[in-house]
Amino acid sequence: MRKLLSANFARLWKFGFFWICMGFMLGYSLVYMLNGCRQALALPEISFTLDQFYFHSALSVGAFCACLTSMFLSAEYGDGIVRNKIVTGALRRDIYLSNLVLVFTATLLLLGVWWISALAAVPVLGVWKLRFSELLIYLLVSVLFTAAFSAFFTLVSMLCENNSAAGIVSLILFCGLLLLAALIDNSLSQPETISGYSVIIDGIQTVKPQSRPNPHYIHGQWRVILQYVLDFLPTGQGLQMWLLEIADTGQVIRMMLSSVLITVVTTICGIRFFQKKDMK
Amino acid sequence: MEYVLRTNDLCKSYKSCKAVNGLSMNVPKGAIYGFVGKNGAGKTTLIRLVCGLQEPVSGEYTLYGRKNSDREIVKSRRRIGAVVETPSLYPDLSAEDNLKQQYRILGLPSFDGITEILKTVGLENVGKKKAKHFSLGMRQRLGIAIALAGDPDFLLLDEPINGLDPQGIVEIRELILKLNRERQITVLISSHILDELAKLATHYGFIDNGQIIKEISAAELEETTKKCVHAEVSDTKALARVLDEMGMEYKILDERTTCIYAKVMVSELVSRLSREDCEVYSLQEKEESLESFYISLVGGADHA
């Protein structure tokens, strides 16, 4: 395992696409944060905070992970490196785990680039409004759902030998999960009541506003289930983090456990499938 | 005889297609084993099975005395090197960096042997040129270099000369011979370029429809296929006496036919036989190549 990790990391440092991703993440972060600064300077009456922009990476890191994983692992397949590792007597389980560790570390490095370069906005937006402990929790949740993304996309890429197919499947899955999370979040964000309208004629209010129940508001058990699903999905976690909607300790624990569960289950399944897989 | 690889009734199927169907073969230690068969006969599948890339559905194989069902088979696999179909290499790295990567995968403590391996395969002067800019022959040689990184005792080469130009073919042939002679590496080489294989192999395994139909040593094959004159005569005993007197090597095939392995002076032979009251019905010069031997084994009509 150690020697496979050593080979993997030596390869990563020479893998051009990884550095392209790093450069893109750096540029993306700087442009996004500087745009936040521009908004804050243009609209001084609105109180913009660093927090509102800082966790945007939670939304995009999955896409970077999907691209990087499929490109790196598909190249390993396409160039016959995975085959070569098996021929040299490496265990399939070790090959799988070493690839997962590599993907996770590479994605964390991308996240790290965002976290560091986003600090460029501090002179204008100030530091975080979150308490230090909250900030740490947000960062920990980020690390854990990055692990979940890494495990998920490693599974896809290790089972799909075709270079382009692995990339397309990974991106479609990411987009699908993001869309699902957005739909659920949108449903849960519906207000319970809709405010009525008021009519004012010549300064006299002739119709008083009457609020009525929102038919799209989700009640009861369904609301709980959807919130659980949203907390379970890595994209859901990312979305809520970006929107600063993580409310309580219970939700944080749920999110962390979900990420750990996804990571463990997908890795066990992935290793099982990979051990049975016929290699060309 | 000590064997590196033995397979017993090995089977592998893909859905309904039986790629390897009860294959039994034996690769002796120190041999260059020519694995001969048409496309789709099961050569590559057998190599994939032995390399652990795929699992057989039934049957077994033994690699350096360890059965494939043994958990320790990975230790035997560490003694092999393989180039399966296309060489496994990083296209955007130089030959040296490719070997360094292989050294890391193998967990070798230093990169000391790299220069020697590059020299062995004739790639010592390629510098920093990336593998993707190599010719096909150079890539093939780099693939063999990577396979040699773990100092293997057994090399499996799947169609190593496919697509190479004549110069490339000669280079690969000489490299394989050198590895076999100087490092005593056992080589299993699959190919359907029979003339080329005939210049290398010490043993042959002929495969058709996923089964070994004949295993033969190069010496036995030479004996079977060597140039001879088929003499059809009325009395083979008389012919044998005459040939003994003339000091010629021969083999009596049946009551009328004898194979003479020498240049025959027809007039002298006929006159001597006539003195022995032996009629000569026909004299035919025959030579069987590896190709014609293979075709006669698998059935010419199917492969015409």
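## Cavities in the model

A cavity is here a set of grid points where a 1.4 Å probe fits but cannot get out. In this predicted model, that rule gives a count of five cavities of 30 Å³ or more.

## The largest cavity

The lining of the largest cavity draws on both chains: chain A gives A:Asn84, A:Val87 and A:Thr88, while chain B gives B:Arg78, B:Ile80, B:Gly81, B:Ala82, B:Gln102, B:Leu106, B:Ile146, B:Ala147 and B:Gly150. At least two lining residues come from each of helix H5 (81–87) of chain A and, in chain B, strand E6 (80–83), helix H3 (95–106) and helix H5 (136–148).

Strand E6 of chain B provides the largest share of this lining, with three residues. Sorted by class, the lining of the largest cavity holds six nonpolar residues, five polar residues and one charged residue.

## The second largest cavity

Around the second largest cavity, chain A is represented by A:Arg83, A:Asn84 and A:Val87, and chain B by B:Ala82, B:Val83, B:Val84, B:Pro87, B:Ser88, B:Gly143, B:Ile146 and B:Ala147. Two or more residues of this lining are given by each of H5 of chain A, E6 of chain B and H5 of chain B. By class, the lining of the second largest cavity comprises seven nonpolar residues, three polar residues and one charged residue.

## Residues found in both linings

Definitions and conventions: Residues numbered from 1 in each chain as written. Chains lettered and ligands numbered in written order. Predicted model: local features only at pLDDT ≥ 70, side-chain atom pairs only at ≥ 80, totals over all residues. Heavy atoms only, no water. 1 Å grid on protein atoms, 1.4 Å probe; cavity = no way out; pocket = protein on both sides within 12 Å on 5 of 7 lines; lining within 4 Å. Points joined across faces, edges and corners; volume = space filled by probe spheres on them. Helix = DSSP H or I, 4+ residues; strand = E, 2+ residues; numbered from the N terminus. Nonpolar A, V, L, I, M, F, W, Y, C, P; charged D, E, K, R; others polar.
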